[in-house]
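Hello,

I am handing over a structure for you to look at. Please open it before you read my notes.

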Amino acid sequence: MAQGSDSNDTSYKSPSPGSRPSSSDDVKKVMRREKNRLAAQKSRMRQTQKADSLHLESENLEKENAALRKEVKQLTEEAKYLSSVLSSHEPLCTGLAPQTPDLLYTPHHSSYHHQHIAVPHYQH
């Protein structure tokens, strides 16, 4: 029987009135049922594989999310630390121009000011 055949299959011949169904009709029915059973089994298998794949993807995204949250926490801590270093250094810098509201930090180019700042290197 051809794949994808259904009740519109023109190869099926209805029994003539008064005659009992032939064995070939029974064979066709059994074959159709077997084909349907296999198709249903294959469909269930694909559905299970898709669910497994989605579960793995979900786990990977949760791990990635946790790693990103950890990185955000570390960067926030680093930003706080650097902000405190800058705050403590500003009174020592005589070369800084008065700050305007538009600028948080005016960079200066004197090499003297950079010699006494020790900034740890963070590992990510």
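Below is what was found in it.

This is a predicted model: local features need pLDDT of at least 70, side-chain atom pairs count only at pLDDT 80 or more, and totals for chains, interfaces and linings use all residues. Residues are numbered from 1 along each chain as its sequence is written, and side-chain values use heavy atoms, with hydrogens and water left out.

The fold first. The protein chain has 2 helices and 0 strands. Helices (H or I, at least four residues) and strands (E, at least two) are DSSP runs, numbered from the N terminus. Helix α1 covers residues 23-89. Its 67 residues should span 99 Å at 1.5 Å a residue (1.5 Å times one less than the number of residues). The end C-alpha atoms are 98 Å apart, which agrees.

Next, burial. Of 124 residues, 6% count as buried (under 20% relative accessible area; exposed is over 50%, partly exposed in between; 1.4 Å probe, protein chains only). In α1, the buried residues are Asp25, Glu78, Val85 and His89.

Contacts are heavy atoms within 4.5 Å. Among those between residues at least 6 apart in sequence, 50% join residues at least 24 apart.

Last, charge. The count comes to 1 salt bridge (a side-chain nitrogen of Lys or Arg within 4 Å of a carboxyl oxygen of Asp or Glu). Glu34 pairs with Arg37, with the closest N and O atoms 2.6 Å apart. The two are 3 residues apart in helix α1, so about one helical turn separates them. Glu34 is partly exposed, at 34% relative accessibility. Arg37 is also partly exposed, at 43%.

Best wishes
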